[in-house]
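Trainee: Before we look at anything together, could you take me through this one feature at a time, giving me the general idea and then the case at hand?

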Amino acid sequence: MRTTTALPPGQHAVEGFPRFGTHLHWPPPEVPEVPALQIGGAVKAPFPFPLTELAGLPRREITADFHCVAGWSATGLRWEGVPFEDFFRQVIEPALLPGVTVTHIAFSGLDDYRVGITIEDAMEHDVLIAEHLNGEPIDGDHGAPARLVSPRQYGFINVKHLCAIDVHTSEPKDRYMGHPTSQLMLRFYTRHPRARVWHEERHRFLPARAARLVGRLITGRLMRACNPDDRH
Ligand SMILES: Nc1nc2c(c(=O)[nH]1)N[C@H]1C(S)=C(S)[C@@H](COP(=O)(O)O)O[C@H]1N2
Ligand SMILES: [Mo]
């Protein structure tokens, strides 16, 4: 296990692991009776992949810190699941349309939240489709039944309640669902296409230091509106 020595620039450690996101005004989405990942995009035909079948793929455990673009970091989280790289090679690649060059992967949640990331970032060895957090099945707060974990990228890339994975041949549009207030605030935030924490890629246009402020203002406000007793 890795012990945390340093945080990426502009981040501060918090106790525990708060629930966060654009969806905070609502309870976590209900998990379907037979949860599955709908695989689509540049494939021969879309198909569902039942989550139970993840058990038959290579498994990995990682310990990593989690960095929200608002500035807080939860440290030493132990995630367990299937490396996305293995999932891609074993499940998606055989289904691809012949001759396509995959550039991006879009991950969607049951709450209709979606982000697209580059294939390079998705194939990093520590990117997981995670089913367990600290030895327990992931709960509703943190993304049941499974979530994307990409520790080198900001929290907003780490899609909770995974239900669909689409392969793309160009950059897809993100979709942040949520309360109208969150939607309004998020219109002022254009996220960085790669969002790598160690490069402090917070915002598509603003330099890192200015983006720290925007991130804190927008996401900090969202957070406090929903967790009035917490100070993150
Ligand atoms: N499905 C879904 N995934 C999501 C979000 C969301 O609103 N819906 N919010 C993102 C944001 S902004 C952050 S910081 C993290 C928060 O994860 P946590 O609630 O487990 O702390 O989830 C990310 N993944
Ligand atoms: Mo976030």
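**Reading the model**

Mentor: Let us start with burial: H161 is buried, with a relative accessible area of 0%, where buried means under 20% relative accessible area, exposed means over 50%, and partly exposed lies in between (1.4 Å probe, protein chains only). This is a predicted model, in which local features need pLDDT of at least 70 and side-chain atom pairs count only at pLDDT 80 or more, while totals for chains, interfaces and linings use all residues. Residues are numbered from 1 along each chain as its sequence is written, chains are lettered from A and ligands numbered from 1 in the order in which they are written, and side-chain values use heavy atoms, with hydrogens and water left out.

Trainee: Where does H161 sit, and what is its phi?

Mentor: Most residues other than glycine have a negative phi, and most peptide bonds are trans. H161, found in the loop between strand 10 and strand 11, has a positive phi of about 50° although it is not a glycine. D112 also has a positive phi, near 75°, and is not a glycine either; it lies in the loop between strand 6 (104-109) and strand 7 (114-118), and D112 is partly exposed, with a relative accessible area of 34%.

Trainee: Which residues does the cis peptide bond join?

Mentor: The cis peptide bond joins A144 and P145, with omega about 5°, and P145 lies in the loop between strand 9 (136-137) and strand 10 (147-149).

Trainee: How many helices and strands does the protein have, and what share of its residues is buried?

Mentor: Helices (H or I, at least four residues) and strands (E, at least two) are DSSP runs, numbered from the N terminus. The protein has 4 helices and 11 strands, and buried residues make up 51% of its 232 residues. Contact means heavy atoms within 4.5 Å, and among contacts between residues at least 6 apart in sequence, 68% join residues at least 24 apart. The accessible surface, from the Shrake-Rupley method with a 1.4 Å probe (for residues, only the protein chains shown count as cover), comes to about 11,200 Å², of which 54% belongs to carbon and sulfur atoms.

Trainee: How should I read strand pairing, and which strands pair with strand 2?

Mentor: Two strands pair if DSSP finds at least two bridges between them. Strand 2 (residues 36-41) runs antiparallel to strand 3 (residues 47-50), with 4 bridges joining them, and a hairpin connects these two strands through 5 residues. Strand 2 also pairs with strand 11 (residues 162-168), in the parallel sense and over 4 bridges. Q38 shows both pairings, for it stands opposite P48 in strand 3 and has A164 as its bridge partner in strand 11.

Trainee: Why can strand 4 be called largely enclosed?

Mentor: Strand 4 (residues 60-67) has 6 of its 8 residues buried, so it is largely enclosed by the rest of the structure. It pairs with strand 5 (residues 72-83) in the antiparallel sense over 7 bridges, and in their hairpin, which has 4 residues between the strands, G71 takes a positive phi near 120°. The C-alpha atom of G71 is separated by 6.2 Å from that of H12, 59 residues apart along the chain; H12 is placed in strand 1 (residues 12-14).

Trainee: Is H67 buried or exposed, and what stands opposite H67 in strand 5?

Mentor: H67, found in strand 4, is buried, with a relative accessible area of 4%, and S73 stands opposite H67 in strand 5. A polar contact is a pair of N or O atoms within 3.5 Å; within protein, one must be able to donate a hydrogen and the other to accept it, and residues adjacent in sequence count only if both atoms are side-chain atoms. The side chains of H67 and S73 are joined by such a contact of 2.7 Å. Leaving aside neighbours within four places in sequence, H67 touches several residues, including L7, P8, W72 and Y154.

Trainee: How many residues surround ligand 1?

Mentor: Ligand 1 is surrounded by 21 residues, the closest being P18, F20, D111, H142 and K160. A polar side-chain atom of K160 lies 2.4 Å from an oxygen atom of ligand 1, whereas a polar side-chain atom of D111 lies 2.8 Å from a nitrogen atom of the ligand. Taken alone, ligand 1 exposes 530 Å², and the protein buries 98% of that.

How values were computed: Near = heavy atom within 4 Å.
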